[in-house]
Amino acid sequence: MDSLSSALLRTAILENHSKFLRVWTLESARSACIGLDRRIYFDNHRQCFFLDGKDGRPHTLYTLPDRQLSARVGSVVMYHAPVQRYPCTPEEQCVCLLMLTIDGHLKVLNADTGQVLRSVYLSTTIKFWYLSWANYLHTIQVKSIISPHPRRSGSEPEVDSTLMTIAIFKVQPLELLANIPIDKKAHLHPMPTSSPRPPPPHAHLLPMPTSSPCPPPPHAYLLPMPTSSLCLPPLHAHLLTMPTSSLVPPAPPHALPSLSYSKVFGYDIREVMVQEDILVVVHCSRYYRFYSLPWILANCTVLRTEIGARVAMEGGREGIVGQEDFGIPITVKIEECPPVLFAVKSGTETGVTFGGSPTVYITSQPHDKVYSIMSFPTGEEVGQVRAGASGESSFHSDVVEFHFDDYQKILYITGTTLRCYCISHGYDSPQSLVTLYNIDFKQLHVQREQTFVTQYGRVVKRRKPPPNVYNDFSSAIQDVDYENEVDLLHAVITLPEGQDGTKATLCFIDEPTGRVVKEVPLPTWEPDEDNSIYYELDCIIHLVHSSNRSLCHYYRLVRH
């Protein structure tokens, strides 16, 4: 959308006589979700609706036949491939759905027709379950469940120490890049015992206490961790091109080889993920260690192949990569711990988030309830955000994150308070944290309740606030997002109304000033169910999920 169209749409949204009215509702027996380019999917992606239909209501794009339970969709990502070459493959000519099914197939579908453009079978033995972006619109990662290993005695060797397996694919078109098993311990191989290998030359920059082994929590393989808490800028590229000789010094010539186990990542691994060109390992000790993925692929690859190629595996087994009863083979084996690029300790709920320019990162200390903004890679503290600094109590967790459009800004969400900070720095002065604006939605609502209009049109101010109970559980900021086309930040606020009711409001916030410029009531909010609000230009989509149904309410901008 060009700048003129964006300005006109912003003006239309903020006009006093324009409203968002509910024009369409649909109930589904299974879950509903939102896709790119104004699409809504129902019934496990079996039915698709396009928002811009006749009379401003969604219309059906396609409805697929009912699938078997084993062929249902587990995870989905959606992308629109830019045309980069001619002639184009079918995957590069349309909006595509990339879905991982329960039976282990990775499928590429046409988002307009539901036609399967490509299907790859992953494995007959590994249960792949999670699909997400590794590098948005470029590479994806498909992760298996965490393997539950039985406890063993100290002298008993471990037969299989694989924690999980991560398959990395390139999209547009779909290509296999790597299939990496994450081992807590490597297999038997010769290694020096008399003279230990010296640390990398940059190890003095990473002072870390040695973490004690910590077994993963029970049923950890059933509890996936979010991967959206890590965002790495391309500024770390200079760390990925270090010469191999400087990272791994050769063993001394007099070392005597012997068969032994070498530590790879350790037994206290809690989660592993790929973000851009970085392999991130999370430990139970709350340490986040970052490794170079290009270095791992260059030094640990044991097999180079592609989808559709015939390969021979150990034991004489042959097959075609990606076909049924064969899947994709292991292409990378990490037998020694790669060089650590960066390491930091942070809370596992919030993770580590990178942003800003110069680059900074956010860490948390859950016991002290402090969020620290640190300079990368020096580790100097830029500022702190203390949880509960607003003085209000809340049952909801505090959130500190970078702004969706401007990584020089940091948003702090606690209870019904939204605070925006800016990372400022001069030519000679160090970086510092400056407060731009602070919005207390509950106090704003109380101030408006203190005035009322009589039947003669007079505005009267109350002497005391109305006797209403603002309980801490109902009063909260449920969601915050940003629409770059109209340069508006929007937040979903819930406040108690009456004795048992809850009032939900979508508030539009002017980005430079932090002023609430428009409020849209959401009468379809159900406080006892799972609610999700999506705003896109001239429409609002409200999804309500319960144990036996899903409701989709569609609001459209109307000018009177």
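The side chains of Asp-43 and Arg-46 meet in a salt bridge, with N and O 2.7 Å apart; the term covers a side-chain nitrogen of Lys or Arg within 4 Å of a carboxyl oxygen of Asp or Glu. Asp-43 is buried at a relative accessible area of 12%, and Arg-46 is buried at 18% (buried is under 20% relative accessible area, exposed over 50%, partly exposed in between, with a 1.4 Å probe and protein chains only). The model is a predicted one, in which local features need pLDDT of at least 70 and side-chain atom pairs count only at pLDDT 80 or more, while totals for chains, interfaces and linings use all residues. Residues are numbered from 1 along each chain as its sequence is written, and side-chain values use heavy atoms, leaving out hydrogens and water.

Asp-43 also belongs to the hairpin of S3 and S4, where four residues lie between the strands and Asp-43 takes a positive phi near 55°. Strands are DSSP runs of E with at least two residues, helices are runs of H or I with at least four, and both are numbered from the N terminus. Strands S3 (residues 39–42) and S4 (residues 47–50) run antiparallel and are joined by four bridges; two strands count as paired if DSSP finds at least two bridges between them. Arg-39 stands opposite Phe-50 in S4. On to the next strand: S4 is also joined by four bridges to the antiparallel S5 (residues 59–63), where Thr-63 is the bridge partner of Gln-47.

Eleven salt bridges are present in the structure. In one of them, Asp-510 pairs with Arg-10, the closest N and O atoms being 2.7 Å apart. Asp-510 lies in strand S34 (residues 501–510) and Arg-10 in helix H1 (residues 3–14), so this pair ties together parts that are 500 residues apart in sequence. Asp-510 is buried at 10%, whereas Arg-10 is partly exposed at 22%. Another salt bridge joins Asp-52 and Arg-38 (2.9 Å, N to O), and shared partners join Arg-38, Asp-52, Asp-538 and Arg-556 into one network.

Elsewhere, four strands form an open antiparallel sheet in the order S26-S27-S28-S29. Strands S26 (399–402) and S29 (432–440) stand at the edges with a single partner strand each, so one side of each lacks a neighbour in the sheet. Within the sheet, S27 (residues 409–414) and S28 (residues 417–424) pair over six bridges, and Leu-411 stands opposite Cys-420 in S28. Cys-420 is buried, with a relative accessible area of 0%.
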